[in-house]
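Here is a short note to read beside the model. Please keep the structure open and follow the points in order.

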Amino acid sequence: QVQVVESGGGLVQPGGSLRLSCAASGSIFSISVVDWFRQSPGKEREAVASISTGSRPNYSDSVKGRFTISRDNAKNTAFLQMNSLKPEDTAVYYCRLWRSDRESYWGQGTQVTVSS
């Protein structure tokens, strides 16, 4: 069984930083694509960042220049470094890990609240 556990969320003041992690355990190898999404009340799910093996990371316009996606393949872990956080970044953040065979796994979500 593959399990994906997210962590790193919490309460942070505007302008602050958080780093989210997304760790996979079980029989998952060679993660091909990492996606980060966020969902806030009254808004549809938003794709935040994505990275594919051998390509440049992609970011939504709303987070470009502030967020950085990365991965540690040896540990089957992905990260989302979030800097210069704004109140509008408040949401539940979800990661999705893709294998090369197009099987994917979702994290349980972690709450990020940006407030003074």
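**Aromatic pairs, salt bridges, core and sheet**

1. The structure has 2 aromatic pairs. Rings of Phe, Tyr and Trp (its six-membered ring) count as a pair if their centres lie within 6.5 Å; planes under 30 degrees apart are stacked, over 60 edge-to-face and the rest tilted. The model is predicted: local features need pLDDT of at least 70, side-chain atom pairs count only at pLDDT 80 or more, and totals for chains, interfaces and linings use all residues. Residues are numbered from 1 along each chain as its sequence is written, and side-chain values use heavy atoms, with hydrogens and water left out.

2. Take Phe37 and Trp106. Their ring centres are 5.2 Å apart and their planes stand at 35 degrees, so this pair is tilted. Phe37 belongs to strand β4 and Trp106 to strand β10 (residues 104-106), so the pair ties together parts 69 residues apart in sequence. Helices (H or I, at least four residues) and strands (E, at least two) are DSSP runs, numbered from the N terminus. Phe37 is buried, at 10% relative accessible area. Trp106 is partly exposed, at 33%. Here buried means under 20% relative accessible area, exposed over 50%, and partly exposed in between (1.4 Å probe, protein chains only).

3. Trp106 also pairs with Tyr94. The centres are 6.5 Å apart and the planes at 80 degrees, so this pair is edge-to-face. Tyr94 sits in strand β9 and Trp106 in strand β10, so the link spans parts 12 residues apart in sequence. Tyr94 is partly exposed, at 25% relative accessibility.

4. Which residue lies over the face of Phe37? Arg45 does, at 4.8 Å from the ring centre. The rule is that NZ of Lys or CZ of Arg is within 6 Å of the ring centre and within 35 degrees of the ring normal.

5. Now the charged pairs. The structure holds 6 salt bridges. Each is a side-chain nitrogen of Lys or Arg within 4 Å of a carboxyl oxygen of Asp or Glu. One of them joins Arg38 and Asp89, at 2.9 Å from N to O. This pair links distant parts of the chain: Arg38 is in strand β4 (residues 31-39), Asp89 in the loop between β8 (77-82) and β9 (91-99), 51 residues apart. Arg38 counts as buried at 6% relative accessibility. Asp89 counts as buried at 1%.

6. Asp89 has another salt-bridge partner, Arg66, at 2.7 Å from N to O. Arg66 lies in the loop between β6 (58-59) and β7 (67-72), and Asp89 in the loop between β8 and β9, so the pair ties together parts 23 residues apart in sequence. Arg66 is buried, with a relative accessible area of 10%. Salt bridges that share partners join Arg38, Glu46, Arg66 and Asp89 into one network.

7. Asp101 and Arg99 form a further salt bridge, with their closest N and O atoms 2.8 Å apart. Asp101 is partly exposed, with a relative accessible area of 44%.

8. Look next at the largest nonpolar core, which has 27 residues. A nonpolar core is a set of buried Ala, Val, Leu, Ile, Met, Phe, Trp, Tyr and Cys residues joined through side-chain atoms within 4.5 Å. Trp36, Leu80, Met82 and Tyr93 touch the most other members. Two or more residues come from each of β3 (18-25), β4, β5 (46-52), β7, β8, β9 and β11 (110-114).

9. Last, the sheet. What is the order of strands in the open sheet of 4 strands? The order is β1-β3-β8-β7, with antiparallel pairing. β1 and β7 stand at the edges with a single partner strand each, so one side of each lacks a neighbour in the sheet. The twist averages 15 degrees from one strand to the next; axes are lines fitted to C-alpha atoms, for helices over the stretch in contact, and angles run from 0 to 180 degrees between N-to-C directions.

10. Two strands pair if DSSP finds at least two bridges between them. Strand β1 (residues 3-7) and β3 pair antiparallel over 5 bridges. Glu6 stands opposite Cys22 in β3, and Ser7 has Ser21 in β3 as its bridge partner. β3 and β8 pair antiparallel over 6 bridges. There, Ser21 has Phe79 in β8 as its bridge partner.
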